[in-house]
Amino acid sequence: MSTAIVWFRRDLRLGDNPALTAALASSARVIPVYLHDPHNPGGSAGRAWLYHSLRSLQQNLNRHGSRLIIRQGEPGALLDELIAQTGATVVHWNRVYDPDGIRRDSAIKAALIARGLAVHSYNGSLLHEPWNLATTGGEAFRVYTPFSKAAIRAGIRPAVLPCPAALPPVPPEYDGLTLEALQLQPRLCWDQGFYRQGLPGEDTALARLRAFVDDPLHRYDEARNFPDRPGTSGLSPHLAFGEISPGQIMAALPADADNPGQTVFIRELLWREFAWHLLYHYPHTLDHPLDARFEAFPWADAQAENFRAWQRGLTGIPLVDAGMRELWATGWMHNRVRMVVASFLTKNLLISWQQGAAWFMDTLVDADLANNTLGWQWVAGCGADAAPYFRIFNPVLQAQRFDPDGLYTRHWVPELARLPLTWLHRPWEAPTEVLTESGIVPGRDYPLPLVDLQQSRVRALETFQTIKTYK
DNA sequence: TGAAATGTTGGGGCG
DNA sequence: ACGCCCCAACATTTC
């Protein structure tokens, strides 16, 4: 009776799980394991989310007659122990694509094979493996549109594996840690605001997908831009932990529909694919700009006070502060606002995208290494198919356009709630008597702007001139 | 998935 | 009736 180990990582689901399905098909005994590496723990918000996601996976495995073995340490050593204890002859996992993960998995795979074990890895989180799409010249893509065309040509509706009906039991002698022992949950309950859309896990992910396809999808092209409306899918954290696969998402979209909402939503999914394609082929972009000219950009990272004010939502620019506070309270920020706060940090404050990206990785529940890296480099103007450097968002105009009723800003910056809409997005220009009537003393109840938007815009353009060269 | 500066056009007020 | 100016509305260019 052969024993297989299924190593769960960023694929915390039973449905459409190629590693699990393959193990069940070929081995009578299947041991699901989660190996927590304390040296590679993920961001703070992500850990809180992970706790619930793992709990959901445990419950799902239990419901299907199995059990999750949790251990903590260096994954290669932990697998060795498990193999010795269980007599497993084969290990299955779904691939990860971050540079460190690839290095780790390659080493583990080689070591196991050298010892006579069978190791099988699968694609469980992308519509296309990064190495399966290339330009006509055989190169990796650097521009989104040709990438997306190639992806669509190759097919973006993969077959979806069903959730297994039943799983074989895990013998009781195989022990593991409790989930609590991993200490993923924060001591102070600062994560309470993270779960308003439902607790993490496969069931919530599938329910959200159904709810999204049912209604907001058809207005997605417009509604996704307004941070106070439920126009987005809310699937990002579920995708980031593999509680749902992109193939499952595609399968839920009507195959014959050709409405703008669906088209734009698929485009966003393909941006995620593009991000992983880029990170796989250009792993140095994790912390270096793809556009090498930006290596010489004189970032003002020494301005630690400005960075702290940005992190805390105390920049004095209402939409920026609203976004940063939404992030802190919920572990999530609306994408339109992500672009605005990132533009403000990198252009108006001249603080490097790497600092912003690190903060996002720590505070976002949907922290996805490739998406985050691509997004920050895109805004900073140094990435693949990036916005040109001179594309600088004006947070006042963005607020007037995308928070036209001020609901989002008033919710997250309550100290400005009584300010009339005319001045809500630019309180520093409000007449004194209006501020008095609204009970606001600038600098006491709400910060004065960290920088003048017009002046800092001009300064950013001038600074860009110092690295600009013609190729 | 930008914003600001600059250019163009056309209607209306007015001498 | 005509020319002139103003300016909103839109288009184009520039950063």
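## Surface near DNA strand B

DNA strand B is surrounded by Trp271, Ala387, Phe390, Arg391, Ile392, Phe393, Asn394, Leu397 and Gln398. A residue is near the strand if its C-beta atom, placed from the backbone, lies within 6 Å of it. The residues of this surface divide into six nonpolar, two polar and one charged. Ala, Val, Leu, Ile, Met, Phe, Trp, Tyr, Cys and Pro count as nonpolar; Asp, Glu, Lys and Arg count as charged; the others, Gly among them, are polar.

This is a predicted model: local features need pLDDT of at least 70, side-chain atom pairs count only at pLDDT 80 or more, and totals for chains, interfaces and linings use all residues. Residues are numbered from 1 along each chain as its sequence is written, while chains are lettered from A and ligands numbered from 1 in the order in which they are written.

## The sheet

Five strands form an open sheet in the order β3-β2-β1-β4-β5, with parallel pairing. β3 (69–72) and β5 (118–122) stand at the edges with a single partner strand each, so one side of each has no neighbour in the sheet. From one strand to the next, the twist averages 25°. Strands (E, at least two residues) and helices (H or I, at least four) are DSSP runs, numbered from the N terminus. Pairing requires at least two DSSP bridges between two strands.

β2 (residues 29–36) pairs with β3 over four bridges, in the parallel sense. Leu35 has Arg71 in β3 as its bridge partner. His36 has Gln72 in β3.

## Helix α1 on the sheet

Helix α1 (residues 18–26) lies across β1 (3–8), β2, β4 (90–94) and β5. It runs at about 155° to β4. Axes are lines fitted to C-alpha atoms, for helices over the stretch in contact; angles run from 0 to 180 degrees between N-to-C directions. Contact means C-beta atoms, placed from the backbone, within 7 Å.

## The α14–α15 pair

Helices α14 (residues 353–363) and α15 (residues 369–380) pack at about 145°, their axes 10 Å apart. Trp353, Gly356, Ala357, Phe360 and Met361 in α14 meet residues of α15 including Trp376 and Val379.

Key:
Contact = placed C-beta atoms within 7 Å.
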